[in-house]
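Subject: Structure handover

Hello,

Here is the structure for you to look over. My notes come after it.

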Amino acid sequence: MPATRLQLLLLVSTLIILLWSNIMPKDQLTWFMEVAPVLIAVPFLTYTWQSFRLTPLLYKLIFIHAVILMIGGHYTYAEVPAGFWVQDMLELNRNHYDRLGHFAQGFVPAILAREILLRKTLLQQGKMLFYIVTSIVLAFSAFYEMLEWWAALLYGGSADAFLATQGDVWDTQWDMFTALIGAISAQLLLSKHHNKQLKEVLNVKF
């Protein structure tokens with residue numbers, strides 16, 4: 001599929017799901033806070049898709065992450081039906097959909113950071129790139145946890161659904177750890193495929 005067709009398909013699909021997610025969401029404030037990254041990313045990626053076109057892999061990953069956010073925004077992370085199905089099937093003590101969200105928060109930004117570093121800096125493939133990408137993702141995850149903290153201070157109990165701690169005192173640590181696992185997994189699983197697409201986009205060797 002040509003890059004432009006792929007981008008248009010993902011854009012239209014994102015807008016349709018975004019519209020659905022804002023039809024009678026569980027909580028309007030939670031919806032806005034959860035989908036805010038999508039509301040920022042869509043116009044930015046649309047504006048830059050000619051001047052700084054990303055690899056098809058990265059566009060697809062960003063779309064998947066956006067879908068996770070929009071579903072979480074509609075139901076709230078603690079009440080996503082698919083999370084309850086998994087909870088019942090595996091006899092878990094909580095809805096783990098938010099763990100999926102934080103895994104994606106590590107997995108997708110890892111490939112984004114990797115692509116920007118390889119395209120815009122002198123960094124090459126190797127251990128240092130792996131380390132820096134992982135560090136960036138952890139820093140971003142920690143910053144997101146601070147955003148949740150600030151939201152709790154600002155909105156009080158109204159932000160409980162956004163925090164989605166479900167009574168777990170270690171929720172913040174689990175969120176960052178899950179993002180770390182996501183970042184490591186993305187680099188181990190997708191680096192070769194990502195390099196191939198970078199070579200096709202830039203016509204250089206990685």
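Predicted model: local features only at pLDDT ≥ 70, side-chain atom pairs only at ≥ 80, totals over all residues.

Residues are numbered from 1 along each chain as its sequence is written, and side-chain values use heavy atoms, with hydrogens and water left out.

Helix packing

Helices here are DSSP runs (H or I, at least four residues), numbered from the N terminus. Axes are lines fitted to C-alpha atoms over the stretch in contact, and angles run from 0 to 180 degrees between N-to-C directions.

Helix H3 (residues 56–75) and helix H5 (residues 97–120) have axes that come within 10 Å and cross at roughly 155°. That makes H3 roughly antiparallel to H5 (angles under 35 degrees count as roughly parallel, over 145 as roughly antiparallel, 65 to 115 as roughly perpendicular and the rest as oblique). The H3 and H5 crossing is left-handed (the near helix is turned anticlockwise from the far one by less than a right angle; clockwise would be right-handed).

Contact means heavy atoms within 4.5 Å. On the H3 side, the residues that meet H5 include Leu57, Leu61, Ile68 and Gly72. On the H5 side, those that meet H3 include Tyr97, Ala104, Phe107 and Glu115. By class, the residues of this contact are 14 nonpolar, 4 polar and 1 charged (Ala, Val, Leu, Ile, Met, Phe, Trp, Tyr, Cys and Pro count as nonpolar, Asp, Glu, Lys and Arg as charged, and the others, Gly among them, as polar).

H5 also packs with H8, at an angle of about 40° and with the axes 6 Å apart. H5 and H8 are therefore oblique to each other, and their crossing is right-handed. The contact of H5 with H8 has 15 nonpolar, 9 polar and 7 charged residues.

Aromatic pairs

Rings of Phe, Tyr and Trp (its six-membered ring) pair if their centres lie within 6.5 Å; planes under 30 degrees apart count as stacked, over 60 as edge-to-face and the rest as tilted. By this rule there are 5 aromatic pairs. One of them joins phenylalanine 140 and tyrosine 144 and is tilted, at 6.5 Å centre to centre with 40° between the planes. These two residues are separated by about one helical turn, because they are 4 residues apart in helix H6 (residues 127–155).

For accessibility, buried means under 20% relative accessible area, exposed over 50% and partly exposed in between (1.4 Å probe, protein chains only). Phenylalanine 140 is partly exposed at 38%, and tyrosine 144 is buried at 11%.

Tryptophan 174 and phenylalanine 177 form an edge-to-face pair, with 6.0 Å centre to centre and 75° between the planes. They are 3 residues apart in helix H8 (residues 171–202), so about one helical turn separates them. Tryptophan 174 is partly exposed at 44%, as is phenylalanine 177 at 43%.

Positive phi

Methionine 24 has a positive phi, near 50°, and is a residue other than glycine. Methionine 24 lies in the loop between helix H1 (3–21) and helix H2 (28–48) and is exposed, with a relative accessible area of 75%.

Threonine 76, also not a glycine, has a positive phi of about 75°. Threonine 76 sits in the loop between H3 and helix H4 (81–90) and is buried, with a relative accessible area of 3%.

Regards
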